[in-house]
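Here's a quick briefing for anyone about to set up calculations on this one.

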Number of protein chains: 2
Amino acid sequence: MIRFEEISPSDFFYRNREITGFENPAKACYTIVREYLENSLDSCELGGFLPNIEIYLKCENEEEKRLRIKVADNGMGIPHEKIPYAFGKILYSSKYVLRQHRGIFGLGGKMAVLYCQITTNKPVRVISATPGSEFISYFELKIDIVRNEPNVVKRSKVLNQDNWHGLVLESEFIGDYLLSKKKIMEYLFQTSIAVPYARIYYQDFEGNALIFDRKTDKLPPIPEETLLHPRGVDLEMLKRLIKTSPGMPLNKFLVKRFQRIGNKTAEEISKLANIELDKIVSKLNEDEISRLYQIMKTYPFNKPNVSSLSPLGEAFAIGIKEAFKPEFLAYDIREPSSYEGHPFIVETAIAYGGEIPIPEQNEINLYRFANKIPLIYDSYNDVSTKVIKEINWNVYKINIYQDPIAFFVHICSTKIPYKTLGKEYIANQPEVYREIELSLRKNARVVSAYINKKRIIEYQKIR
Amino acid sequence: MIRFEEISPSDFFYRNREITGFENPAKACYTIVREYLENSLDSCELGGFLPNIEIYLKCENEEEKRLRIKVADNGMGIPHEKIPYAFGKILYSSKYVLRQHRGIFGLGGKMAVLYCQITTNKPVRVISATPGSEFISYFELKIDIVRNEPNVVKRSKVLNQDNWHGLVLESEFIGDYLLSKKKIMEYLFQTSIAVPYARIYYQDFEGNALIFDRKTDKLPPIPEETLLHPRGVDLEMLKRLIKTSPGMPLNKFLVKRFQRIGNKTAEEISKLANIELDKIVSKLNEDEISRLYQIMKTYPFNKPNVSSLSPLGEAFAIGIKEAFKPEFLAYDIREPSSYEGHPFIVETAIAYGGEIPIPEQNEINLYRFANKIPLIYDSYNDVSTKVIKEINWNVYKINIYQDPIAFFVHICSTKIPYKTLGKEYIANQPEVYREIELSLRKNARVVSAYINKKRIIEYQKIR
Ligand SMILES: Nc1ncnc2c1ncn2[C@@H]1O[C@H](COP(=O)(O)OP(=O)(O)OP(=O)(O)O)[C@@H](O)[C@H]1O
Ligand SMILES: Nc1ncnc2c1ncn2[C@@H]1O[C@H](COP(=O)(O)OP(=O)(O)OP(=O)(O)O)[C@@H](O)[C@H]1O
Ligand SMILES: [Mg+2]
Ligand SMILES: [Mg+2]
């Protein structure tokens with residue numbers, strides 16, 4: 001019998017949780033650590049606090065593989081009345097704005113809560129205080145998965161005597177730590193390269209304790225919310241901006257709703273689209289909107305401003321040198337670019353020799369980062385892997401499978417074009433592909449010159 | 001400034017459409033063909049009609065890469081008042097039931113509509129009639145992406161003079177046919193192996209016309225909706241079933257809400273969980289529910305019934321032989337198994353020699369199918385690839401990279417554990433992994449025996 005139904009977003013992601021990084025108990029363990037840590041780092045950075053984060057993993061029942069995780073940070077916390085929704089309503093987030101963060105979907109923390117509750121029947125415990133708050137919030141939460149609403153099991157407030165701010169999260173779940181441990185530690189190690197200003201303490205139930213101490217006290221400038229870059233903005237976004245600009249004439253609309261459009265540029269666009277500068281945008285017909293869209297696809301706007309972004313910069317090269325002690329390192333940071341209105345910056349590095357190993361059979365030494373998150377899984381289909389495999393390395397006299405060479409790619413953007421909801425790898429987005437290729441080629445020329453000069457010197461020595 | 005927001009599912013998938021198979025104009029073209037054809041095949045099969053499907057791809061504007069697709073089928077169509085929601089409301093579907101179909105998410109058709117409208121501003125055209133309907137429905141539709149509601153641009157009814165039934169869909173979008181053509185044709189070719197009872201006609205704007213004619217008039221039995229298999233059912237599902245069983249005592253609940261539980265099994269479960277057989281399930285406390293859940297994780301229930309599934313069966317081996325003309329073919333179909341309550345069947349084949357090519361550099365000849373859908377992208381991370389790479393093929397004296405050998409895997413289930421919303425590949429789900437491995441090993445022994453016998457004979461000839 002044909003029965004049509006509508007389901008809620010939480011029901012959808014519950015039914016299809018393999019899509020969100022919870023495909024088996026080992027991956028679930030990794031994903032929970034990742035989602036909680038990334039939330040903590042976002043909160044500290046956006047609040048302007050040098051991150052101090054502690055992660056504890058305990059084993060409640062070995063035979064059942066029942067684990068308990070506790071993550072504590074000194075970030076901005078969450079306002080009391082928002083806490084149930086932040087952890088109990090899927091597609092609810094403070095990161096749906098045009099600015100660089102690790103969070104993007106409004107899903108991660110909630111999937112962790114959901115997975116915990118469906119494997120152990122336990123609520124998650126949230127303890128939080130916002131900076132300057134007189135009280136500390138305490139919640140025990142579940143999700144009503146059918147209705148996508150929080151289910152508050154317990155809530156209370158306690159006096160905040162030590163002026164603490166931040167968030168502590170505790171939850172129990174069925175996970176396979178044995179199979180995920182190596183990847184979790186790799187993730188933490190690479191995180192410390194990307195956030196040298198953070199102090200991260202990790203302790204598991206096997207007696208391991210990892211301390212990644214701060215290497216610098218300098219917090220990068222906090223990214224600011226920005227406007228869309230006009231190049232490549234799609235019709236939906238254009239129409240939404242028109243709808244939220246009642247009574248605005250075209251020139252004011254272009255200047256106020258997009259970055260990098262001044263009065264002169266607005267004039268040129270108006271001429272090219274054959275629309276009066278003072279025409280009220282909510283009165284534009286479908287034809288005129290389409291013409292505007294077509295012009296904005298190809299008009300040579302200036303590069304985006306970067307106040308919404310936070311590249312790794314020098315810290316990337318420093319972190320790589322410290323971690324891998326290469327004989328030689330080439331680092332490059334691209335000018336800002338954009339795709340579909342989203343500003344992004346690509347930075348890459350190629351490291352040679354020193355402690356860089358020869359790659360494993362048929363593999364490449366590739367380290368990928370997106371908005372400072374290390375991507376540890378599924379590199380094969382990542383756009384960076386595609387770029388590297390489609391470059392002809394003979395030109396540079398480099399053998400990427402047999403030389404002690406490692407590639408590092410960081411992409412930062414107001415929207416990372418992930419291919420998966422578990423943030424495993426990045427989609428083959430044409431503008432991003434191009435920027436990675438140009439940056440890697442630039443580094444390749446430099447590394448190639450060094451390697452070949454070295455080979456000439458050694459050859460002369462032999463002679 | 002920290003601004004919390006909730007967004008609708010359509011807004012979420014619009015913002016993150018790389019996640020749904022729309023990561024660039026070439027992939028978008030492929031995904032649209034795939035989503036429409038899969039909807040048509042589902043409709044024909046579930047309606048009991050031998051599928052006759054036509055796909056036309058035209059080029060409206062070469063420079064803009066604006067394409068128009070038209071797909072026509074003789075399936076069940078959609079009831080008039082449901083059409084706007086079927087194509088205009090994300091997470092709305094007739095396939096949220098426990099039965100095998102290609103559709104599973106309630107997303108595919110809508111993402112196509114969404115993508116068309118944001119790239120060309122055009123609505124999609126839907127023409128449909130249900131079997132026996134006196135009229136034909138005509139709609140032009142868009143999606144209100146912010147609110148996740150259909151936006152009906154035009155609607156009308158016409159007299160159904162020829163007693164037609166089915167659906168015709170027409171939509172315009174920006175796509176790169178050049179870069180996706182090869183994959184589209186591969187997809188159609190492999191589809192014809194999986195559905196030998198379907199007639200598919202495909203015509204593009206470059207003068208290509210592919211006709212995949214019916215090889216059999218025998219439609220497989222229509223899958224029937226079933227109950228969850230009790231093994232591995234998670235807490236959320238258990239609680240939902242309890243909630244929808246008011247006033248039911250435990251024994252009746254177990255027998256009526258799950259397949260493969262008779263009175264005797266219900267009695268044993270009640271003893272193991274230490275809960276009275278006549279206890280009303282809505283009165284169970286959290287402890288009792290947890291005990292029930294724990295028992296159902298490990299109790300040795302009988303294998304699932306297969307009325308909800310439709311494996312390829314003999315047709316798989318026949319199709320492979322016809323398409324690849326191998327020298328030798330081993331085919332195996334596993335007993336039904338289940339994961340998280342979902343019945344599934346794995347069938348595999350290994351083909352050797354004949355027209356099977358030696359694989360490309362570092363690749364394996366692997367053909368993957370899920371619920372009769374050929375999976376063409378991203379095989380590297382697919383569970384089948386993992387299984388094949390983790391088997392030690394020396395034991396079978398087979399070199400999977402250098403012998404003319406090809407692997408075929410079909411998984412059918414009430415829920416395919418896809419890793420991505422574009423249905424590119426299947427997640428590493430432990431029970432599924434195990435079934436694929438056992439099936440491939442069985443075929444490997446047979447193929448190995450054949451190859452080695454052949455080598456002995458050739459060796460003796462040389463001597
Ligand atoms: N440790 C934390 N400190 C402060 N706020 C937090 C913390 N963890 C979560 N939040 C808040 O809860 C919201 C929801 O978090 P969640 O992880 O579900 O989604 P997200 O981080 O916005 O996106 P993503 O799904 O990509 O992670 C966040 O946007 C943030 O506002
Ligand atoms: N050609 C068709 N004939 C009959 N019904 C159709 C057709 N195409 C779509 N439908 C109906 O519209 C619904 C929505 O289709 P849509 O592709 O969006 O989701 P789905 O097929 O249910 O799941 P998935 O996202 O996995 O494809 C289907 O469930 C089906 O009921
Ligand atoms: Mg998050
Ligand atoms: Mg569909």
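**Ligand sites and a sheet**

Starting with ligand 2, a backbone N or O atom of Ile104(B) sits 2.7 Å from one of the ligand's oxygen atoms. Bear in mind that this is a predicted model. Both ligand sites are made of residues from chains A and B, as the notes on ligand 2 and ligand 1 spell out.

**Ligand 2**

- There are 24 residues around ligand 2, and the closest ones are Ser93(B), Ser94(B), Ile104(B), Gly108(B) and Lys423(B).
- Chains A and B both put residues around ligand 2, so this site is shared between chains.
- Ser93(B) brings a polar side-chain atom to 2.6 Å from an oxygen atom of ligand 2.
- Phe105(B) uses its backbone instead: an N or O atom there is 2.9 Å from an oxygen atom of ligand 2.
- On its own, ligand 2 has 590 Å² of accessible area, and the protein covers 97% of it.
- In chain B, the elements giving two or more residues to the shell around ligand 2 are helix 2 (25-47), helix 3 (83-88), strand 4 (92-93) and helix 4 (108-120).
- Helix 2 of chain B is the top contributor to that shell around ligand 2, with four residues.
- Sorted by class, the shell around ligand 2 comes out at nine nonpolar, 10 polar and five charged residues.

**Ligand 1**

- Ligand 1 has 24 residues around it, and the nearest are Ser93(A), Ser94(A), Ile104(A), Gly108(A) and Lys423(A).
- This site is shared between chains too, because the residues surrounding ligand 1 come from chains A and B.
- Two side chains are worth a look here: a polar atom of Ser94(A) is 2.6 Å from an oxygen atom of ligand 1, and one of Lys110(A) is 2.8 Å from an oxygen atom of ligand 1.
- Helix 2 (25-47), helix 3 (83-88), strand 4 (92-93) and helix 4 (108-120) of chain A each put at least two residues into the shell around ligand 1.
- Helix 2 of chain A gives the most to that shell around ligand 1, namely four residues.
- The class breakdown for the shell around ligand 1 is nine nonpolar, 10 polar and five charged residues.

**The sheet in chain A**

- Strands of a sheet pair through backbone hydrogen bonds, in either a parallel or an antiparallel way.
- For strand 5 (residues 124-129) and strand 6 (residues 135-144) of chain A, the pairing is antiparallel and runs over five bridges.
- Ser128(A) has Ser137(A), in strand 6 of chain A, as its bridge partner.

Note on methods: Residues numbered from 1 in each chain as written. Chains lettered and ligands numbered in written order. Predicted model: local features only at pLDDT ≥ 70, side-chain atom pairs only at ≥ 80, totals over all residues. Heavy atoms only, no water. Near = heavy atom within 4 Å. Polar contact = N/O pair within 3.5 Å; in protein donor to acceptor, adjacent residues only side chain to side chain. Areas by Shrake-Rupley, 256 points an atom, 1.4 Å probe, with all protein chains shown as cover. Nonpolar A, V, L, I, M, F, W, Y, C, P; charged D, E, K, R; others polar. Pairing = 2+ DSSP bridges.
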